[in-house]
Amino acid sequence: MSDAHITQDTEGEHDNAYAGLLGNDAHWAFGTDFEDPLAGVDTTIPDGVDASELAQYCLMLGDDALVYAQRLSEWTSRAPDLEEDIAIANIALDLVGQARLLLARAAAADPALVPSLPEGSPVPDEDRLAYFRDAGAFRNVRLAEQPNGDFAELIARLLVMSTWRLAIFQRLVDHQDAVVAAIAAKGVKELAYHRDFAGRWFVTLARGTGESHRRLTDAMRTVWPLIPELTASTETESRVGVDPATLADEIGVVLDQVLAVAGITAPETPGLAGVRGRTGRHGMHSEALSRLLAEMQVVARAHPMGRW
Amino acid sequence: MTTLETTAVQRARAIASEVTDPELPMLTLADLGVLRDVAVEDDGTIVVAITPTYSGCPAMATMRDDLVHRLTGAGFESVRVRVQLSPPWTTDWITDDGRKALADNGISPPGVAPRGPVMLSLTPTRRAIQCPQCGSGDTEVTSEFGSTACKALYRCRACGDPFDHIKEH
């Protein structure tokens with residue numbers, strides 16, 4: 001821990017506004033070091049589970065959370081009012097936390113996934129996965145990476161994302177891997193809160209003014225085509241996690257319930273096609289992800305030996 | 001466990017129990033229910049287990065550092081803090097002392113955390129809570145999210161004061 005404190009000579013102490021905050025054992029103002037989010041957690045792979053497949057699955061769920069959290073955090077200081085600004089930032093923070101745990105779990109299960117950095121780099125595994133992979137290595141669904149629209153688009157997407165992710169996490173609380181099960185049990189409470197927030201705003205916008213109704217209808221036309229991808233099976237998910245196809249009915253029921261209260265109908269839009277059958281889960285993304293990653297990763301990539 | 005080890009664990013537990021939460025400094029980590037276990041290993045290392053409140057709680061690293069700092073300051077040479085993910089933290093673990101300390105400091109303590117199946121709720125969460133300033137029950141939610149992951153923001157209609165409520169989790 002001590003090597004993380006910035007040391008300085010005492011001579012210039014009075015000239016430095018940070019002097020009282022740094023290198024002083026009595027109190028300190030900054031986080032002192034990276035901490036392994038799974039410090040002391042038993043990460044042994046349970047019998048009958050393929051370690052590399054478990055890692056791939058954790059990468060999928062971790063990337064969904066990481067990429068979507070980045071999109072949400074782009075809203076900071078831009079929401080219609082301060083309360084919503086804080087709400088969106090809080091939701092993003094929950095998702096970053098889930099991403100951190102899942103990426104750390106992926107790295108522990110299959111160290112070969114983790115990008116290598118120069119010898120002696122202090123960047124922890126989950127950060128290497130977050131900051132040192134290119135778009136093609138990300139396994140998030142494409143709904144997570146779409147560029148932000150207006151507040152109605154935020155609410156429509158958040159409703160769909162949180163409904164879908166909550167359905168997955170509810171099924172993972174009994175997962176064979178105790179780490180995944182624990183992350184899911186924690187996440188369920190957070191995601192249920194996110195879904196309620198989105199559902200209430202969805203109803204408010206639908207039943208608000210003509211303008212808010214029109215905007216919500218427009219937003220649904222951009223969000224709904226990305227729903228089929230959420231419930232399309234992949235081999236990895238079906239074998240080691242939750243088969244997304246089994247979620248379709250439950251997600252449909254929840255969305256229908258919200259739409260009924262909101263008095264709005266789902267758009268008749270075809271699903272967004274993949275490229276030769278490949279979608280986000282296969283590493284096939286829209287251009288938007290590259291731009292998002294460029295902004296998110298640029299500082300970390302400039303300092304592969306950095307300690308934050 | 002030898003008598004010496006038992007004494008060491010008891011002393012370490014007493015010290016760890018006094019460490020306060022970085023964001024709710026009126027609460028100890030024990031009152032918050034985050035401090036789950038204090039044990040001693042064969043080589044004398046003190047191992048403290050803490051459970052995160054929220055997945056992304058940024059205070060975890062500070063809690064870890066504070067625990068290590070206080071215990072090493074009290075003479076324990078080797079201290080380790082481990083994360084215990086399961087069972088997940090719930091506000092039901094906040095002690096009665098902790099609830100009183102929150103209320104005494106103007107923060108409304110949580111009600112009973114929801115259990116059982118997760119239900120969709122399209123109306124504002126109904127909580128019967130009293131204003132920690134004037135005691136009135138005439139309060140309204142301003143925002144379901146607040147200044148930290150664990151809080152919602154309320155306002156008292158009687159005295160007009162805004163206040164934080166620890167959300168049931």
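Author: Start with the second largest pocket of this predicted model. Its lining counts 31 residues. Those nearest its centre are A:Ala192, B:Ala113, B:Pro114, B:Arg115 and B:Glu168. The space inside comes to about 790 Å³.

Which helix of chain A gives the most to the lining of this pocket? It is α6, residues 178-206, with nine residues.

Take A:Phe197, which sits in α6 of chain A. Is A:Phe197 buried or exposed? A:Phe197 is buried, at a relative accessible area of 7%. What does A:Phe197 touch, leaving aside residues up to four places away in sequence? Within chain A, the partners are A:Glu84, A:Ala87, A:Ile91, A:Ile155 and A:Leu158. From chain B comes B:Phe145. So A:Phe197, buried at 7% relative accessible area, has contacts in both chains. A:Met284 is 87 residues from A:Phe197 along the chain, and their C-alpha atoms are separated by 31 Å.

Helix α6 also carries a charged pair. A:Asp196 and A:Arg200 form a salt bridge, with 3.9 Å between the closest N and O atoms. The cut-off is 4 Å, so this pair at 3.9 Å falls within it. Why this spacing? The two are four residues apart in α6 of chain A, so about one helical turn separates A:Asp196 from A:Arg200. Both partners are buried: A:Asp196 has 11% relative accessibility, and A:Arg200 has 14%. Buried here means under 20%. Side chains of opposite charge can pair when their charged atoms come close.

Chain B has a salt bridge of another kind. B:Glu18 pairs with B:Arg70, the closest N and O atoms being 3.6 Å apart. B:Glu18 belongs to helix α1 (residues 3-18) of chain B, and B:Arg70 to helix α3 (residues 60-73), so the bridge ties together parts 52 residues apart in sequence. These two side chains are partly exposed: B:Glu18 at 48% relative accessible area, B:Arg70 at 35%.

Some bridges of chain A share partners. They join A:Asp150, A:Glu211, A:Arg214, A:Arg215, A:Asp218 and A:Arg221 into one network. Over all chains, the search finds 31 salt bridges.

Another bridge in chain A links A:Glu74 and A:Arg71, at 2.8 Å from N to O. Its two ends differ in cover. A:Arg71 is buried, at 6% relative accessibility. A:Glu74 is partly exposed, at 23%.

A neighbour in sequence leads on to other contacts. A:Gln70 lies in helix α1 (residues 51-73) of chain A. A:Gln70 counts as buried, at 16% relative accessibility. Which residues does A:Gln70 touch, not counting those up to four places away in sequence? They are A:Leu292, A:Glu295 and A:Met296.

Further along chain A comes a surface feature. A:Val298, A:Val299 and A:Trp308 form a nonpolar patch there. Together they have about 310 Å² of accessible area. A:Trp308 is in the segment after α11, the helix of residues 287-302. A:Trp308 is partly exposed, with 48% relative accessible area.

Now set α6 in its chain. How many helices and strands does chain A have? The secondary structure comes to eleven helices and zero strands. From the N terminus on, the order is α-α-α-α-α-α-α-α-α-α-α. Chain A has 308 residues, and 53% of them count as buried. Among its contacts with a separation of 6 or more, 77% join residues 24 or more positions apart. The chain exposes about 13,600 Å², and carbon and sulfur atoms supply 53% of that area.

The structure holds three cavities of 30 Å³ or more. The largest cavity has about 100 Å³ of space. Of its 13 lining residues, those closest to the centre are B:Asp21, B:Glu23, B:Thr53, B:Cys57 and B:Cys150.

The same helix holds the buried A:Phe197. It also holds the pair A:Asp196 and A:Arg200, about one helical turn apart.

Terms used. Residues are numbered from 1 along each chain as its sequence is written. Chains are lettered from A and ligands numbered from 1 in the order in which they are written. This is a predicted model: local features need pLDDT of at least 70, side-chain atom pairs count only at pLDDT 80 or more; totals for chains, interfaces and linings use all residues. Side-chain values use heavy atoms; hydrogens and water are left out. Patches are made of residues with over 30% relative accessible area and no salt bridge: like charges are joined within 9 Å, nonpolar side chains (Val, Leu, Ile, Met, Phe, Trp, Tyr) within 5 Å. Accessible areas come from the Shrake-Rupley method with a 1.4 Å probe; for residues, only the protein chains shown count as cover. A salt bridge is a side-chain nitrogen of Lys or Arg within 4 Å of a carboxyl oxygen of Asp or Glu. Buried means under 20% relative accessible area, exposed over 50%, partly exposed in between (1.4 Å probe, protein chains only). Contact means heavy atoms within 4.5 Å. On a 1 Å grid over the protein atoms alone, a cavity is a set of points where a 1.4 Å probe fits but cannot get out, and a pocket is an open set with protein on both sides within 12 Å along at least five of seven lines; lining residues have an atom within 4 Å of a point. Grid points are joined across faces, edges and corners, and a volume is the space filled by probe spheres set on the points.
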